[in-house]
Structure formats: structure tokens, C-alpha cells
Amino acid sequence: MIRRDAPMDGNGQPVRHDGSGQEVLGQVRVEEVPVDDAVLELVVLPAADADGTRDGEGQEAAALAWVAACRTDTPPVQVPLYGTTVIWSPSRAAILAPHAALVAVREALLDFARCDAALRRLEGEAGLLLGRLDEDAPCAVEFDERHIERQASLEERFRRSVRLRADLADLAPAVLRPPVHPPTLAAQLGERLRERTRLADRLEFVQAKADVLDRVYDLCAQRVGDFAIARRHLRLEWVIIVLLAAELVVLLVEVLAGLGTTPTP
Amino acid sequence: MHPRRIAIVGGGPGGLFTAWLLERMASRRIELTIYEARDRVGGKVLTPSFDSAPVRYEAGAAEFYDYSAVDEDPLRHAVAMLGLPTQPLGGSAVLLDDTVVGTADDVHDRLGPAAHAALLAFDERAKAAQSPRRFYASGFDAVADGSSRRFDAVMDAVHPPAARRYLETMLKSDLATEPCRTSTEYGLQNYLMNDPAYMGLYCISGGNEQLVQALAARVAASVRLQEPVMAIGRTASGSLWVESRRGGQTLVEAFDTVIVALPMAHLPLVRFVGGRLEAALAAHCAHHAHPAHYLRVTILFDRPFWRRRVRDAFFMLDRFGGCCLYDESARDPDATHGVLGWLIAGTAALESCARSDDELVALALDSLPASLGDGRAAFREGRVHRWPGAVSALPGGERLAPVDQRHRPEPIDHPDLFLVGDYLFDSTLNGVLDSASHVAGWVAARLAEGPGGAA
Ligand SMILES: Cc1cc2nc3c(=O)[nH]c(=O)nc-3n(C[C@H](O)[C@H](O)[C@H](O)COP(=O)(O)OP(=O)(O)OC[C@H]3O[C@@H](n4cnc5c(N)ncnc54)[C@H](O)[C@@H]3O)c2cc1C
């Protein structure tokens, strides 16, 4: 089977499907690599000459067309560096590199792709939570009987906003890692991909959103907690009132019973 | 109370920064006069255009150093306050014999494992000698240790020769001199500035000259263009006099304070009158005169033909004893043309100064490795800017003196005469700003303490 949007080999031939989830044509194959909760289709093309002087332009154009064909809202990012080229989009990527550099460049690309996918997921999650903010924000001020049916969903969103914060904290060291010096090819490619996709800025933006969510859902959780405590107290008060009333009734009955019987001298 | 009259000699970045800061810090009315020898302010920060096309290039300072990853960066702060947009610059490629050595992996693969090991050992040594924080503070501390040990001793220890050549080519244009003419500390700093943990690089989008233009637009000082200062002395009444020349006439004016913001190459050309002052300035110049040289050849091409192989904002070339090639067109995202700027440094720059512009442009074109592409076929126009003795090979002098001493050469009889210069710190714009703010703060404090001051 031949995929319509498959990558081209050096002769412009499309890649064939081998039925095992990987497409193979000669040396070219499409790997499906899990990155966070997404899958990245990856093509690795060894460059003919390590100095970047090969006539790889046709190959590069074909790889770019293949990556672009996946139609995500992010246009492909192309990073050429000293004879190696990495083309990346969130669901497809291609590496054109000299043989000796392939393993390290692949690792750097996947490392970046994992960061990007994780950040993308967190951006989505922050977006979803922010979408409910107007609806939930009043509960940060006041929570009472009228809101009782929303308690479960508020608790769930509180948990999600805490999770979001934790995931961001987990991701930050990978996004903000210091540049490597003396620079290696793989490290430079990773840094340039991070720069081009503005990973650090995006992380900061999600952190700002998480700050807002934090404040609102933290207050909501407090209000729900306060309400639960208040309800418990109310119940207790009623129990005490009922008990006191019962005691009063018993006392009354005893008094009345005492009135009805004539004392014997 | 009449305003205090202050003269600033030199309308380069040093003079302009001093005026800008002083106007903001002064707690009483001041009247500032800036003397500038040329018909423009800005000194060695200039962004001219080619004749054949309205395409800009940097003819002097090309990159600004960003220390904000380590600590506060006053230059970054000033650029932001002036509302100037910036963009990062980067590049790590060294072209040796037409081979692109872009990364440490390339050093290993193309120069061999021994060269790679030597590079890592050199890197280790440099980082062990100076942490980012120590580097950041280095211009301020007066050092008593052997900072004047020559850098060539360090370079001589680098083996094999391929590693040494790689490092020398990489460092030459930042040093602007030969390793034997500078200190170990300064040499290693020029290596470490390639490490983003120590500093980043940026430029002002649309041309670095906007920095000095923005400063000039903001200062209220009276700027006297084409009026070089010839001599400075003290009047009988105790104030300082400044003698200048305008249109063939000699003018003399009295000031309460004089700040001389001249580079080391120009300072000895001013006559300081009065036994003590003259001797102090002579000693100052003898301590700080370690001239280093630059020469820029900038060529406009029809297209950036080299980008197939190198896409960095700058890269190093093993010609002219090691030079930096700036891809000036990379600074303009809409550029259709290509501009390459050769920054030739040290003895090669000094020797080349005597050659004609045409010769230098031809030499620059010849120096392009064949695999980059045919420069002659794409050639449109070439420009040359000569900067002999324009920077310091040993900033701070043989031994770094205390900061106050560097800025006030004769404190006893002339406590109101100050010096500002990049050569007092690290021979960069960051250095000249440090120097300017030190003097501006000092003069502002004296104003506040003096008669009619706020204190
Ligand atoms: C080729 C080159 C590249 C450089 N690259 C960088 C870089 O990338 N990054 C960086 O940070 N720094 C760089 N520098 C250094 C930077 O340009 C200087 O640090 C800075 O210009 C110093 O400012 P200044 O005001 O002390 O001196 P200048 O810029 O030299 O200004 C001095 C001014 O004084 C005027 N003058 C001279 N004599 C008199 C007189 N008698 N009377 C009145 N006026 C006078 C001059 O005309 C000039 O305008 C570079 C320098 C050169 C030459």
C-alpha cells in the first residue's frame, strides 16, 4: 500500500506501507513514536555527505512537503545547522543528518518533541479550565445550598488545576535547561527548536494562566470546605436542639405524671 | 543659585551615557555642554548605508553583550528604557581550510579526538578560572594576583596544533590583538563570552546607531559638533577651562566640572595644562595605552549565497590571522540581498590599514572559501572602515586600579576633572556604560553635597 502523503526517497519515490505501523521504502521508514499523549511520525534520512555540501535540496523539499502535509495549525519549523536539517511539526518530523550524527540528533528531536507535546497538552488543559472560569468564579466568593450540585465538578477542577501546576513544575527544568557549552550539534538543534517554538515563553504563559486558576479554585475549595463545615455544624446544632427538646418533653411528661398522682401521707 | 556648568568632552557612547545619566541623577540645575570633534555624535557606534542600495550595515560596534542571565544588566536596562527593539545574535561556526567546524562534535570528527579533548580541557580551565558571577564583576575588582600573565602562555599549552588554531581563530576578533599582548584573564573572558551561561549577544533591530541617536535625542545638553577640545586647565579663580576649536577659531570657556569621555587613542591628543595634572594624565595614559586594532570590510552581495553552508549571524574565518564574518543581512528578516562584514583584528588589521579600499575589498573576496559560493559573481559594493588603536588590548591596564582612581586621575588639585572610557573596564559598550554611571553618580553626589545642593 502506498500512502498519498508519504515521504519521498532520494528518487522522489513515495514511501510504502509494510502493514506493521511503519512504512518502509529502501532505507526510509516512518516510525511512530509516542511523545507524551500524542504520536509523532518520524522519518530519518541519512545525508550523503557530512559537510552539508551534498545536493540534498530535493530530499529536503520532499521531507518538508511531507511534514507540511499533516495539516496541523502549526506550520513546520525547519532548522538547518551545519549539514543537518530538522523539520518538525507537532505530528510529523524529519531528520536529514550525516550518519554519525543521526542517533544524537534523533534523541534531541524526540526530547524536544516530548517537551512540546507535554506543553501543548497543558496549554489545552489550561484553556479548558479557563473556559469554565466565569461560571465557577462566583463560587470563590460565595458557596451555599444553591451551588450544592456543582460541588463535585468544582472539586474535580480544583484537582485538575493542582495537577496542572504540578505538571508545569515537572516540565519547567526540561524547557528552561541551560544551553550546552561547548555546543554539540544535538544540543544546538534542541536549543534552536525550543527557541523557534518559543517553548520558554509558552511555558510562562501557561504558568500565568495556572496562577489565575490556582487562585480561583483554591478559593472555591476553601468556600466548599467552609460550607461543608458550616453544614456539619448546623446538623450538630439541630441534633442538640432535638435532644434538648426530647429531654424537655421527657421532663414535661415526668412533671405531668407527678401532678396526676396524689401523694400518700 | 546659578546652574552648575559641566563640560563633557567626546560625544561617543561614553559622553552621551554620562550626559543622559547625569541629567536624570542631578538634584540641582545643571548646564551641560558636549564637545564633539566630528559632525555627528555616536563615536564608534555607526550604522551607515551602501551607496548603490539603501542597505544598512554596522561599521563599528556590531553586537551588545547581555549579562541579564547572571545579574542586572545596565546596558540591557538602558536599551529597554530607550524603547529600542532588540534581537538575539548567535553563531558558533569556525571555518578552517574550507571546513565548517560548527560544534564540539565537528571538532571531534574533523580535527580529531585529541583536538576535541584539548578543547574540553581548555573549556574546563576557563570555567574553573572564572564563574559567570566572577566574570560579571571582573571589571570592578582591583586584582592583586597575576592578572597580567600573558595569554599566549595559556595558548602555548594547547595541543595538538589543530586545537590551538581552532581556538585562536575563534578568539582573535574578540581580542582584537595577539595572545602575547593581552592577559590570561582577558583572553579566557573572550573565550567564555561564547558560553550563554556567561553572556548572550544581541543587536538593535534596525541598526545599533539608534542607541546613540536615542540618547542624543533625550539629552538636553548643548551639543557642539565639529568642535574638538584641544586643551584643559585651571583658571586663576579655581574653575576649569576648556579650549576648543570651531571653524578655525580658538574658544575658551570655564566650567565647574569637566568629564573627558575620550577613547585612549584620542586622550593624549588633548593638552592638559598644569604640572600636576599633566603628570597625572601622562601616568594614566602610560598605564592604559595598550592599543588593539580593528578594520572592517563590508560587502553588499546580490544574495546571501553562503547560507547553504552557514546560517549563523556570524562565523569565524581562518584568514587575516583569524577574523569574524558577520552576516549583516541576517539582521533584516526581509532582506533579499546579502551583506557580509569582515572584522579583521590585531596586527593584520593594523597592517591592512595602509592598503587601499579596492585592495582590501579584493582581499576580502579572495578570503571566502570556495565552498561558500562565488562571492565575485554576486558582488555589488564594498566599504572599508579603519579602526587602528580604537580598542584596548588590556582593559584596565597592567594591573586593575581601584575604580575611583581610574576615573579621577588627579584628585588633589583637580577633584572636579573626571575620565570616562571603555578601556577602564572591558573595552565594550557595557564597560563604557559602567564607567559613565560611576562618574555620573559621583558628580551627582558632589552636586548634592556642594553649595545649593539637595544634601
Ligand atoms: C570595529 C569595532 C567593533 C566594536 N565592536 C564592539 C561590540 O561588538 N560590542 C561592544 O560592546 N563594543 C564594541 N566596540 C567598542 C565600542 O565601540 C566602544 O566601547 C565605544 O564606542 C566606546 O565609546 P566612547 O564614547 O568611549 O568612545 P568613542 O565611541 O570612540 O567616542 C568618542 C567620541 O569622542 C570624539 N572625540 C575625539 N576626540 C575629541 C576631542 N578632542 N574633542 C571632542 N571630541 C572628540 C570622537 O569623535 C567620538 O565621537 C567596537 C569597537 C570597534 C572599533
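These legends describe close-up views of a predicted model. Local features need pLDDT of at least 70, side-chain atom pairs count only at pLDDT 80 or more, and totals for chains, interfaces and linings use all residues. Residues are numbered from 1 along each chain as its sequence is written, chains are lettered from A and ligands numbered from 1 in the order in which they are written, and side-chain values use heavy atoms, with hydrogens and water left out.

**View 1. Where chain A touches chain B.** The contact (heavy atoms within 4.5 Å) takes 18 residues from chain A and 22 residues from chain B. Together the chains bury about 1,600 Å², 52% of it on carbon and sulfur atoms. Buried area is the accessible area (1.4 Å probe) that two parts lose on being put together, summed over both.

**View 2. A salt bridge between the chains.** B:Asp312 pairs with A:Arg192 in a salt bridge. Their closest N and O atoms are 3.5 Å apart. A salt bridge is a side-chain nitrogen of Lys or Arg within 4 Å of a carboxyl oxygen of Asp or Glu. The count between chain A and chain B is 1 salt bridge.

**View 3. The side of chain A that touches chain B.** Strand 5 (77–81) and helix 6 (185–196) of chain A each supply at least two residues of this side. Helix 6 of chain A gives the most, with 4 residues. Helices (H or I, at least four residues) and strands (E, at least two) are DSSP runs, numbered from the N terminus. The residues of this side divide into 9 nonpolar, 5 polar and 4 charged. Ala, Val, Leu, Ile, Met, Phe, Trp, Tyr, Cys and Pro count as nonpolar, Asp, Glu, Lys and Arg as charged, and the others, Gly among them, as polar.

View 4. Most residues other than glycine have a negative phi, and most peptide bonds are trans. The bond from A:His181 to A:Pro182 is cis, with omega near -5°. A:Pro182 sits in the loop between helix 5 (151–175) and helix 6 of chain A. In chain B, a cis peptide bond joins B:His159 and B:Pro160, with omega about 0°. B:Pro160 is in the loop between helix 6 (151–156) and helix 7 (161–175) of chain B. A:Asp36 is not a glycine, yet has a positive phi of about 55°. A:Asp36 lies in the loop between strand 3 (28–35) and strand 4 (38–47) of chain A.
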